[in-house]
Every structure is written in structure tokens, then in C-alpha cells.
Amino acid sequence: MKPFVYNGLPSRVIFGQGSLDQLGREIDLLGATRALVLATPQQRAQADALAASLGSRAAGVYAEAVMHVPVETARAAREFAARIGADCAIALGGGSTTGLGKAIALETSLPIIAIPTTYAGSEMTPIYGLTEAGVKRTGRDLRVLPKTVIYDPALTTTLPRALSLTSGINAIAHAAEGLYAQDANPIVSLMAEEGIRALGAGLPRVMQDPADQEARAECLYGAWLCGSVLGSVGMALHHKLCHTLGGTFDLPHAEAHTIVLAHVLAYNRDAAPVAMKRIARALHADDAAQAVFDLARDNGAPTALKDIGLKADDLDVALTLALKNPYWNPRPVEREPLRVLLENAFEGRRPT
Ligand code: NAD
């Protein structure tokens with residue numbers, strides 16, 4: 001066995017149907033008494049109801065979270081938290097809301113209780129992102145890692161079908177790249193394969209019946225594992241490409257991940273055979289790239305970057321940006337094969 005380093009991240013996870021009922025106790029366990037509830041404007045009603053259920057433990061609701069955490073939103077949220085004397089933040093929502101909690105914690109060390117309602121996985125990572133003048137910078141800092149995560153599958157039944165699928169494949173991308181990461185290790189790889197398996201099994205069932213609680217639980221369990229992988233080991237070409245596509249062309253985050261992943265797996269196929277075997281095994285298929293493509297296409301996800309807002313003229317810019325400061329990748333990142341990858345993803349072709 002190859003020597004390896006494993007970093008365990010400190011977080012407490014409460015998982016299961018109805019676990020939201022334990023939020024009050026979890027606030028008490030943190031020693032907090034004045035919780036700030038964070039959400040997006042779309043989830044304001046849910047945030048207000050949560051705050052009402054907390055009674056005097058809730059100090060206020062800030063429902064202004066948006067994608068990619070603009071610095072102005074982060075500053076306004078920090079000021080709001082200070083004004084109401086918050087001593088913990090409750091992030092109710094997806095990666096955008098958790099991201100806002102992280103931006104507050106980065107400067108104030110305010111403890112976060114995350115209550116994820118998508119499969120993005122941010123709640124399990126010490127990674128934060130902040131966008132200033134259109135440029136997103138990311139970093140790692142343990143202060144932003146949520147102290148407690150409450151996974152209640154009941155909260156995900158309202159996640160629309162399309163977003164459930166793309167968010168789930170976004171999670172699979174974390175695990176897939178974790179399996180061939182430069183700092184991959186056997187423990188994280190166990191979580192990665194099991195996370196892909198759970199999502200591969202759960203997502204088609206959620207697509208058939210979004211109210212299926214068992215399928216929702218399986219997907220959320222998978223998302224937790226995949227998020228843990230993202231928090232533990234480095235990511236590669238896929239995440240670099242999606243970061244570029246999302247940041248520069250403002251493509252929707254989960255959709256971009258869903259389209260690009262199969263193509264990156266095809267690109268890396270021969271350079272990471274063990275990882276590919278594990279991804280394929282988790283999806284009960286022969287080939288990792290084809291299996292991810294089929295999971296997306298068969299369940300109705302977009303398969304072409306041109307269908308989610310990328311223009312043909314953008315491809316050259318994307319290529320140049322992706323080649324600039326590339327992340328480590330098992331196969332060298334070279335202009336010509338990368339151009340083919342991007343063109344295939346643009347047109348929605350089956351990965352070759
Ligand atoms: P999101 O948080 O932007 O949510 C998308 C929309 O769905 C929002 O309007 C939200 O209110 C709504 N929504 C969420 N859950 C819902 C539910 N259960 N029912 C109905 N509507 C619901 O999307 P996301 O994909 O979760 O997060 C994307 C963001 O997270 C990106 O900015 C990405 O960069 C970031 N991210 C960060 C990390 C990290 O480790 N730092 C990891 C993954 C994603």
C-alpha cells in the first residue's frame with residue numbers, strides 16, 4: 001500500500017428524517033443563544049418558519065444569499081449579524097447560503113450550523129468563495145467549516161427534479177475527482193465510491209418521485225459523503241473547468257458540472273484506471289464516463305454547454321483560461337485534447 005496522509009475534519013453530523021427537530025438542542029450544545037438564520041430570497045418563508053419555531057433562540061433572519069457570495073452581500077450580512085448580536089449562524093439552503101455563512105465566519109469565527117437542502121456539499125468543506133468585481137476567489141480556512149450539520153431528507157423533497165439531478169451529479173463530481181486526486185487516500189476513496197453509489201441509486205428514483213423519502217435520504221447521504229471528499233482532498237481538471245465556466249461566463253453551477261463531468265472522465269480515463277473502475281462499479285456500469293453521461297441524459301439533464309448559455313465564441317476564452325494555472329490532473333492538461341473535450345461538451349456529444 002502506498003503511504004498516505006489522512007486529515008479528519010471536525011464536524012458533528014445529525015442525519016435522518018425529522019432531524020431538524022434537534023436544531024434547538026444543537027444550538028444549546030454550541031453554547032449559543034442568539035441564532036441568525038440565513039437563506040436565499042427564494043427560501044425566505046422557510047427561514048422565517050424555522051426562526052419562529054426556535055422562539056427566543058432566533059435573533060433574526062437574513063434571506064439575501066445569492067450564488068458565488070458577492071463581497072457586498074457578505075459585508076451586509078456581517079453587519080446584520082453584529083447588529084442583532086448573533087452568536088451563531090444557521091445556514092438553511094444550498095451552497096449559496098452555506099457560502100454566505102462561511103463569509104461571515106471567515107472574519108468573525110461565528111459558529112455555523114448548516115442545514116443543507118441541496119446536494120452541493122459545501123457544508124462539509126473548509127472552502128470559501130467570495131466574488132469581488134466579477135472575480136471569484138476561493139480559499140481554505142477551518143474557521144468556515146460548519147460546526148454542526150443537520151441532514152434532514154424531508155427538507156429536500158421540495159428541491160425541483162431538474163436541480164435535484166444536476167446537484168446530485170455535482171456531488172458525484174467531487175467524489176470522482178477525489179478518487180484520482182493527487183492526495184487521494186484509502187479512507188476518502190471509500191467515502192467517494194459509496195457516495196457515488198448512493199447518488200447513482202437514489203437520483204433516478206427521485207426523478208420518478210421527488211417525494212420518495214427513502215430515495216431522498218439515499219441521495220442526501222451520498223451528498224454528505226461526496227462533500228466530505230471535496231473537503232478532504234484536492235480537485236483536478238473538472239473543478240478547474242467548472243470554476244472557469246461558472247466564474248467567467250456565469251453558467252449555472254450544477255448544470256455546468258453535470259455536462260462537463262463525463263467528458264473529463266473520458267479525458268482522464270487511461271491516466272486513472274483504478275479510479276475509473278471504482279466510479280463505474282459504483283454506477284453498475286463498465287465505463288465511468290459513459291455511465292455519468294447516461295445518468296444525466298437518461299434522466300433529462302442538459303448535456304450541451306450551448307444549451308445553458310455558453311456561446312461558440314466563448315470556447316477559445318474558456319480554453320485559454322483553463323490552461324492558465326491548471327490544477328494538478330492525472331493526465332497533463334494540453335491545448336488540443338482539451339479543445340476537443342470542450343467542443344464535445346459544447347455540442348452535447350457522447351464523450352469519446
Ligand atoms: P444554490 O444554493 O444557489 O440553490 C439554488 C436555488 O435552489 C436557490 O434559489 C435555493 O434557494 C433553491 N433551493 C435550495 N434548496 C431547495 C429546496 N430544498 N427546495 C426548493 N428550492 C431550493 O445552489 P447549490 O448548487 O446548492 O450551490 C451552488 C453554490 O455553492 C455555488 O456558488 C458554488 O460555488 C458553491 N459551492 C461551494 C462549495 C464549497 O465547498 N465551498 C461546494 C459546492 C458548491
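Modeller: One definition to start: helices (H or I, at least four residues) and strands (E, at least two) are DSSP runs, numbered from the N terminus. This is a predicted model, where local features need pLDDT of at least 70, side-chain atom pairs count only at pLDDT 80 or more, and totals for chains, interfaces and linings use all residues. Residues are numbered from 1 along each chain as its sequence is written, and side-chain values use heavy atoms, with hydrogens and water left out.

Colleague: How many helices and strands are in the chain?

Modeller: The chain has 13 helices and 8 strands.

Colleague: What makes the chain as compact as a globular protein of that length?

Modeller: The radius of gyration is taken over C-alpha atoms, and the globule rule is 2.2 Å times the number of residues to the power 0.38. For 352 residues the rule gives 20 Å; the chain has 19 Å, which is close, so it counts as that compact.

Colleague: What is the strand order in the open sheet?

Modeller: Its 6 strands run S1-S8-S5-S4-S2-S3, with parallel pairing. Two strands pair if DSSP finds at least two bridges between them.

Colleague: Why do S1 and S3 stand at the edges?

Modeller: S1 (12–15) and S3 (58–62) each have a single partner strand, so one side of each is left without a neighbour in the sheet.

Colleague: How do you know that S2 and S4 pair?

Modeller: Strand S2 (residues 35–38) and strand S4 (residues 88–93) are joined by 4 bridges. The definition asks for at least two, so they pair. Leu 36 stands opposite Ala 89 in S4.

Colleague: Where does helix H7 lie?

Modeller: Helix H7 (residues 213–232) lies across S1 and strand S8 (148–151). It runs at about 170° to S1. Axes are lines fitted to C-alpha atoms, for helices over the stretch in contact (heavy atoms within 4.5 Å). Angles run from 0 to 180 degrees between N-to-C directions.

Colleague: Why is the pair of Tyr 62 and Phe 80 called tilted?

Modeller: Rings of Phe, Tyr and Trp (its six-membered ring) pair if their centres lie within 6.5 Å; planes under 30 degrees apart count as stacked, over 60 as edge-to-face and the rest as tilted. Tyr 62 and Phe 80 are 5.3 Å centre to centre, with 40° between the planes, hence tilted. Tyr 62 lies in strand S3 and Phe 80 in helix H3, so the pair ties together parts that are 18 residues apart in sequence.

Colleague: Are Tyr 62 and Phe 80 buried or exposed?

Modeller: Both are buried. Buried means under 20% relative accessible area, exposed over 50%, partly exposed in between (1.4 Å probe, protein chains only).
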